[in-house]
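Please consider the sequence and the structure shown here.

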Amino acid sequence: MPAIGDCRSRIEWESACWHKISASKDILELISTSSERHDLVMRAAAINALISGKSYREIGRELWLSPQTISGIKKALDENSYKSYPGRKERKK
């Protein structure tokens, strides 16, 4: 991993670290849970299905994903950035 001081910003450092981590299967296996790996596989499979032209219904049936999840993945594909929205909170009145 690069030293933080070797990079001009934290964002640059994080990007360099991610590049190293993503290039190493051993590191990914070590630092991710089976649930996190599952989520990544499902997102990648959904992106592949969207690119192939499958409908949300077909993707949901094949991968057991909700339309909301597929929509979030589609937005990530369109915007080139994934955002997670864990559990919705009730609005204040």
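Q: In which helix is Ile31 found?
A: This is a predicted model, in which local features need pLDDT of at least 70, side-chain atom pairs count only at pLDDT 80 or more, and totals for chains, interfaces and linings use all residues. Residues are numbered from 1 along each chain as its sequence is written, and side-chain values use heavy atoms, with hydrogens and water left out. Helices are DSSP runs of H or I with at least four residues, numbered from the N terminus. The run at residues 25-31 that contains Ile31 is helix H2.

Q: Is Ile31 buried or exposed?
A: Buried means under 20% relative accessible area, exposed over 50%, and partly exposed in between, with a 1.4 Å probe and protein chains only. Ile31 has a relative accessible area of 53%, so Ile31 is exposed.

Q: What is the area of the nonpolar surface patch made by Ile27, Leu30 and Ile31?
A: Patches are made of residues with over 30% relative accessible area and no salt bridge; like charges are joined within 9 Å and nonpolar side chains (Val, Leu, Ile, Met, Phe, Trp, Tyr) within 5 Å. Accessible areas come from the Shrake-Rupley method with a 1.4 Å probe, and for residues only the protein chains shown count as cover. The patch of Ile27, Leu30 and Ile31 has an area of about 310 Å².

Q: Which element has the lowest mean pLDDT?
A: pLDDT is the predictor's confidence in each residue, from 0 to 100. The mean for the protein is 89, and 90% of its residues reach 70 or more. Among the elements, helix H4 (residues 56-63) has the highest mean, 97, while the lowest, 91, belongs to H2.

Q: Which helix gives the most residues to the lining of the second largest pocket?
A: On a 1 Å grid over the protein atoms alone, a pocket is an open set of points where a 1.4 Å probe fits, with protein on both sides within 12 Å along at least five of seven lines; lining residues have an atom within 4 Å of a point. The lining includes Leu40, Ala44, Ile73 and Tyr82, and helices H3 (34-51) and H5 (67-79) each supply at least two residues. With four residues, the helix that gives the most is H3.

Q: What is the N to O distance in the salt bridge between Lys74 and Asp78?
A: A salt bridge is a side-chain nitrogen of Lys or Arg within 4 Å of a carboxyl oxygen of Asp or Glu. Lys74 and Asp78 both lie in helix H5, four residues apart, about one turn of the helix. Lys74 is partly exposed at 30% relative accessibility, whereas Asp78 is exposed at 55%. The N to O distance between their side chains is 3.0 Å.

Q: How many salt bridges does the structure hold?
A: One of them joins Arg8 and Glu12 at 3.3 Å, N to O. Another joins Glu29 and Arg37 at 3.8 Å, N to O. The number of salt bridges in the structure is four.

Q: What is the phi of Asn80, which is not a glycine?
A: Most residues other than glycine have a negative phi. Asn80 lies in the segment after H5 and is exposed, with a relative accessible area of 71%. The phi of Asn80 is positive, at about 60°.
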